[in-house]
Amino acid sequence: FAVWGGPLLASTWTEELHARGIVCMQCPGISDNEPTAFGILPSQSQIQAHVVSYVARKLAGGTAEFAGEGSRGEERVFGLLSLAQSDSDERRVERYVEAFADEGIDIAETGMFPLDPARAHELATGGVARMKDAGVTTVIVPADPITLPAFTREATKQGWFPEWVIGGYQFTDTSTFARTFDQDQWAHAFGLSFLPPAAPPEVTPPYRLYEWYHGTPPPADDSLILTYPQVALFFTTLHLAGPDLTPEHYRDALFAFPPTPTARTQPSVDYGFGIWTDPTRPADEYEGDYEGIDDMVELWWDAEAEGPDETGEDGTGLYRYVNDGERYLPHEYTSDVEVFDRGNSVTQIADPPPAEIPPDYPPPAR
């Protein structure tokens with residue numbers, strides 16, 4: 001009846017499952033929103049709503065105060081650098097440009113590139129040159145972490161040091177990958193992520209649940225936080241769907257489940273008909289939100305911070321999370337720009353408030 005997980009960079013896997021009536025948790029969606037594919041991560045249109053709101057409220061009309069030599073203090077000129085594997089990806093970039101235009105923001109130059117590490121240097125050479133020639137001071141990067149290192153190295157080679165605005169793309173917002181970027185460039189990086197800051201494993205729901213039932217700490221404590229959401233959501237929804245188990249009843253049960261709480265230690269997850277509308281469809285044709293995470297956190301790259309990354313590897317360079325990891329919906333961003341301030345940001349949540357610590361469970365019935 002169901003599969004957990006699938007490739008995130010293409011929809012072929014999901015389409016094949018859908019053709020067989022198989023539900024997939026944490027799979028990329030399909031165009032007609034049939035009740036078989038449900039994501040944990042926000043959709044591309046939801047990420048776009050966050051990024052456009054963030055740039056419009058915090059950065060537009062200002063000077064590039066966080067850029068490096070040659071761009072710092074200049075009036076901001078925006079560029080957009082994005083992975084584009086297909087016609088739909090190119091259309092996504094066009095929608096970004098249109099959404100920025102609706103906010104009165106001009107994108108002076110766009111750069112689209114395929115996921116092709118063998119051509120990364122070649123693609124970066126021309127892409128950086130075009131951005132630099134267009135006078136871009138601030139690059140918005142909903143871009144993958146595999147090709148991005150080549151662009152940052154080439155930017156330093158060409159003596160161009162813009163602001164890099166992180167656009168919520170998976171893994172670009174992890175310290176593990178950010179350490180592979182040119183550090184002279186990434187020292188000017190800030191923006192948005194749907195991932196929460198690291199927290200002590202013993203206060204996270206999956207850790208507490210495993211330890212409660214088995215009486216011992218989980219053996220996969222580093223990765224449990226990544227696998228737990230789809231497992232918990234699946235079995236909760238399976239219970240709510242009732243004995244007549246169909247994809248439609250499964251969807252209806254997931255849509256009826258209330259949003260999970262907003263907390264610094266975890267994102268809020270919601271499906272159905274909440275805050276989102278689909279900008280590509282008329283309102284009366286909108287069929288609901290099939291993706292999970294709704295809120296995001298603001299972060300910046302501290303090239304001097306030392307400590308473990310997401311894999312536990314000690315090193316130099318860590319993301320810092322603004323306002324101790326407070327999370328925001330698109331309409332909640334203010335004009336205050338609070339990045340690159342160690343006094344109001346953390347690399348991890350060391351002391352979660354009591355409301356964010358899962359309660360003790362009663363002894364398990366064995």
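Entry 1, terms and source. I call a residue buried under 20% relative accessible area, exposed over 50% and partly exposed in between, using a 1.4 Å probe and protein chains only. The model is predicted, and I took local features only at pLDDT of at least 70 and side-chain atom pairs only at pLDDT 80 or more, while totals for chains, interfaces and linings use all residues. Residues are numbered from 1 along each chain as its sequence is written, and side-chain values use heavy atoms, with hydrogens and water left out. Helices (H or I, at least four residues) and strands (E, at least two) are DSSP runs, numbered from the N terminus.

I paired rings of Phe, Tyr and Trp (its six-membered ring) if their centres lie within 6.5 Å; planes under 30 degrees apart count as stacked, over 60 as edge-to-face and the rest as tilted. That rule gave me 22 aromatic pairs. One of them joins Phe-113 and Phe-151, with 5.0 Å from centre to centre and 35° between the planes, so I noted this pair as tilted. Phe-113 belongs to strand 5 (residues 107–113) and Phe-151 to helix 5 (residues 148–157), so the pair links parts of the chain that are 38 residues apart.

A nonpolar core is a set of buried Ala, Val, Leu, Ile, Met, Phe, Trp, Tyr and Cys residues joined through side-chain atoms within 4.5 Å. The largest has 40 residues, and Tyr-54, Val-55, Phe-100, Ile-140 and Tyr-271 have the most contacts inside it. Elements giving two or more residues to this core include strand 2 (23–25), helix 2 (44–59), helix 3 (87–102) and strand 9 (296–308). Helix 2 provides the largest share, six residues. Apart from this core lies another of 30 residues, including Phe-113, Met-131, Phe-151 and Tyr-321. I then looked up Tyr-271 itself, taking contact as heavy atoms within 4.5 Å. Leaving aside neighbours within four places in sequence, its contacts include Met-25, Phe-38, Leu-233, Phe-255 and Tyr-290.

Where does Thr-174 lie? I found Thr-174 in the loop between strand 7 (163–167) and helix 6 (175–178). Thr-174 counts as buried, at 7% relative accessibility. A polar atom of its side chain lies 2.7 Å from the backbone oxygen of Phe-171. Beyond its neighbours within four places in sequence, Thr-174 is in contact with Leu-195, Glu-310 and Tyr-319. Phe-171 is placed in the loop between strand 7 and helix 6, and is partly exposed at 44%.

Most residues other than glycine have a negative phi. I noted Phe-171 with a positive phi near 80° and Asp-324 with one of about 60°. Asp-324 is in the loop between strand 10 (314–322) and strand 11 (327–328), and is partly exposed at 35%.

Ala-108 is placed in strand 5 and is partly exposed, at 31% relative accessible area. Leaving aside neighbours within four places in sequence, Ala-108 is in contact with Val-77, Phe-78, Ala-134 and Val-136.

Definitions and conventions: Polar contact = N/O pair within 3.5 Å; in protein donor to acceptor, adjacent residues only side chain to side chain.
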